[in-house]
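Dear colleague,

Please find the structure below, followed by a short account of what was found in it.

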Amino acid sequence: MEASFGDLKKGQKNCQRTVPCQYFAPQKIEEALEILSKYGKEIKIIAGGTDLLVQYYDRLYEVSAWLDLKNIEELKEIKIDQNQIEIGAMSTHTQLESSADIKRYYPILSQAASDIGSPQIRNRGTIGGNIVNASPAGDLLPALIAYRAQFKLVSHKEESIVSAEDFFLGPKKTILKFEQLLSKIIIPIPEQNTYSSWIKIGKRKALMVATVSLALVLSMAEDNKIIQEVKVCLGSVASTPFEIMEIREKMIGRQFKQLDFNELGQLVEDRISPIDDIRGTKGYRQEVTKNIMINALEKIQETWGQSQND
Amino acid sequence: MTKLKIELMVNRKKRKIEITPSTRLIDLLRDDLQLTGTKEGCGKGECGACTVIMNGELVASCLVLAPQADGAVITTIEGLGSSDHLDPIQEAFIESGAVQCGFCTPGMILAARRLLEENPHPDEEEIKRGISGNLCRCTGYQKIIEAIKLSIARLSKSDSGKAK
Amino acid sequence: MSEKYIGKDILKVDVQDKVTGKALYPDDIYFKDMLYLKIKRATYPHAYLRKLDLSKAEKLPGVVRIISAADIPQVKNFGLMIKDQPVLVGIGQKMRYMGDALAIVIAESKEVASKAVKLIEVEVEKLEVISDPLRAMDKNAPLIHQDGNILATHYLEKGDIKMGFAEADLIVEKEYRTSFLDHVPLQVEAGVGIYDKKSGVITLWVATQWLHDTQADIAQSLGLSKEKIRIIQPVIGGAFGKKEDISVHIHLALAAIETKRPVKLIYSREESMIAQSKRHPFIIRAKTGATKEGYLTAWQAFVIGDTGAYASSGPAVVHKGMYHCTGPYNVANVKGVAYTVYTNNTYAGAMRGFGTTQMAFAYESQMDILAHQLGINPAQFRLQNAYEIGSSTPNGQILTHSVGVKETIKEALNMAGWKGEAQ
Ligand SMILES: Cc1cc2nc3c(=O)[nH]c(=O)nc-3n(C[C@H](O)[C@H](O)[C@H](O)COP(=O)(O)OP(=O)(O)OC[C@H]3O[C@@H](n4cnc5c(N)ncnc54)[C@H](O)[C@@H]3O)c2cc1C
Ligand code: FES
Ligand code: FES
């Protein structure tokens, strides 16, 4: 009887999209900037689309024009010299995860990238998208601040360079203007005796938005004994990723054996005022933040200890 | 209406097609190319049912705009094997009982395929990471992991066969 | 027969289609001239619908028809156990949770249907939203349904509870709460429908776990005889109890009759979360007595199951849960009461285990606490109380075969390599 309906797929047709819309995929940054200045707020910049297509789920018809960055080769390059690395905004998380230079000089940026979403998401999602999307839980952001990254912003009129900590204003809010593109991320090559640790806490191992995350980058003086510089940055506990400045005076100029990890953990806990949300309560976040600060210090101390024995 | 002509290789066939730019790749595949083996379980990148291989990479086709796939080479489940000529991974999924409702299966098989192309001898942790973007609500994953292990054995045998 | 199949690996009949992508799930069915539906849902969890303005949505090019309650006065409520669920909420009627349907938009494309739904304007008169079943049980709480917020009360009694507690050396009394759970079958609710003018038969390709009950329920709701409703079970993308309830079915049937064209309706994942059944959250108060030798003497259970806005399988789930209040353990004296309570939450229905998994959280916790306080190894405590052939359950059923709990516990201990509690 079922046969009376014949082929159950005979009616396939273009069944959803009727609304007109423009699409641009220029090959040069300059062209992209021209298009941006012309269309202004009316156009959506799309990189990997892993944030945008979720945001526009079931209402893609609201977008009247797309500016796709996929053909701009310049934005996909990762270049390194003695002083700094330049990461094109279109570099994907998979690229960050596997780049030998990033693994070597910025190991926790590579680790943070490998903790993002799933293979499918890492293959499409970009560093530029992660930054501009400005989620408090954006996994690359604490590491970028901790490594003192700078962002290059370009428009058809001018270029500027801003440091990562000045870029974020709030959830999904940044200083980026609509005629601007983020073209690359510039990070200085760390000092020789630099140690780092990244900890992401969430409900499962994959496809998980961080409940709390912490990036710690620490460099020792030439003697590899005295702490010369330290940055502790947190994600998912405030409206933007941010650095705990108070840690600096407690750590800089000291040696590991002079540090009280518990006190430092407590200091981090005291400095944050997280909120309750679906991923965790305020109390949970506070306690966990303290603990991961201690864990991060322990991990670094261990690696440092090994270097002492070598 | 602004339509866009795009051209892509899907399952080794060249396809030219006109679409509106706000078409998702999953809709292009399912509605326009009638490749309904690609499933939609969430539309938001969370479940992996819509997984396809695009330019050698695993992607969630619900999060790709069709014009972003212009010029791309795409493999969907229909491109893997047919009922008469099953791919070794498809066979292994059948034999291991790794298929229950089957809704995750196309994406899961493609994830396995991609994993084994990149790393022909993954250990259990690597297998789990390889399929970490694909949810299965029926099997509890154990049999899927067994199926992938069986595929490893099958594929390496057929490779060494070829080498001779 | 038995030699051919038992102990053998049998391939699923449709497994080849599933690994090659050929298997047809409802969303994979496309007919010529097919129309797409989208449902306008409640805008507030508990409110009277005062105004439904379709005019803007109807003007959108590509919208074929919008059906609201005013168009279908003959259509009756539906529901698995109690017919308490409206097909569409009408003016002056109540929406009782965010999943209640207010209108069916029928359009030439999914895109137009989605847009049109957003153009429908709704005015409501808000009522107190009851999200806590304890509030629902208050004497002065507003009524969600006419006959009261306590939908069903079930009692359980075995032996003499007073005597049981008198025999106990230790009594532990605790409250446990479990949460809502979605089944998350990987495929959401989906279906296709066709109406045949000549025969008056509506054919639906929709997943269901109760083919004939679903057919009967659709028929009574539409006022048609069962022969007019034909359900073709396509391949199902998972269910786990969630597809026992009616979802897209009646809306598809109405749209097919109205337009005389093939129609398709697919929920989004959010819609599936909001509109379709859940596992019941339970509040369980358990009072358990045991002797100092570690034998259970009495168990009292007080259970509240939040069934949300509609009954679904609620009364069955909640009282079945209560029947399992002692778990797989022998207790001579048992007393229980279970309330199935309406709230303005998403309705709860069947889900794997049907009430028993919620109870397990309570009884296994009780067992651990008792063992701990008695100073007995918790595994031993379980073993010496566990069911065996001849045991009787709280509702008096004598177990005559297939009682594997002791072997299971032993094997689990063995596999886990558990050597007792760390001190
Ligand atoms: C299932 C899933 C899981 C995820 N898991 C994680 C996770 O674990 N951790 C995490 O941090 N994120 C996660 N994400 C979020 C997302 O994948 C990342 O933020 C990703 O890096 C975004 O990059 P994209 O290229 O896809 O951005 P897009 O979606 O293309 O763009 C995001 C925003 O940035 C703008 N934009 C992009 N590039 C530029 C540019 N060069 N200049 C100016 N504006 C630009 C776009 O206009 C848009 O507003 C997840 C997303 C999904 C769907
Ligand atoms: S449908 Fe694309 S990931 Fe779920
Ligand atoms: S087999 Fe059903 S979701 Fe995997």
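Chain A is divided into domain 1 (2-68), domain 2 (75-188) and domain 3 (194-304), with bounds that come from an automatic or database domain assignment. Between the C-alpha centres of domain 1 and domain 3 of chain A, the distance is 41 Å.

This is a predicted model, in which local features need pLDDT of at least 70 and side-chain atom pairs count only at pLDDT 80 or more, while totals for chains, interfaces and linings use all residues. Residues are numbered from 1 along each chain as its sequence is written, chains are lettered from A and ligands numbered from 1 in the order in which they are written, and side-chain values use heavy atoms, with hydrogens and water left out.

Along the principal axes, the C-alpha atoms of chain A fill a box of roughly 80 × 55 × 35 Å. Chain A holds 12 helices and 14 strands (DSSP runs: H or I of at least four residues for helices, E of at least two for strands, numbered from the N terminus). Of the 310 residues in chain A, 56% are buried (under 20% relative accessible area with a 1.4 Å probe, protein chains only; exposed means over 50%, partly exposed in between). Among contacts in chain A with a separation of 6 or more, 61% join residues 24 or more positions apart; contact means heavy atoms within 4.5 Å.

In chain C, Ile6(C) is found in the loop between helix H1 (2-5) and helix H2 (15-20). Ile6(C) counts as exposed because its relative accessibility is 67%.

With kind regards
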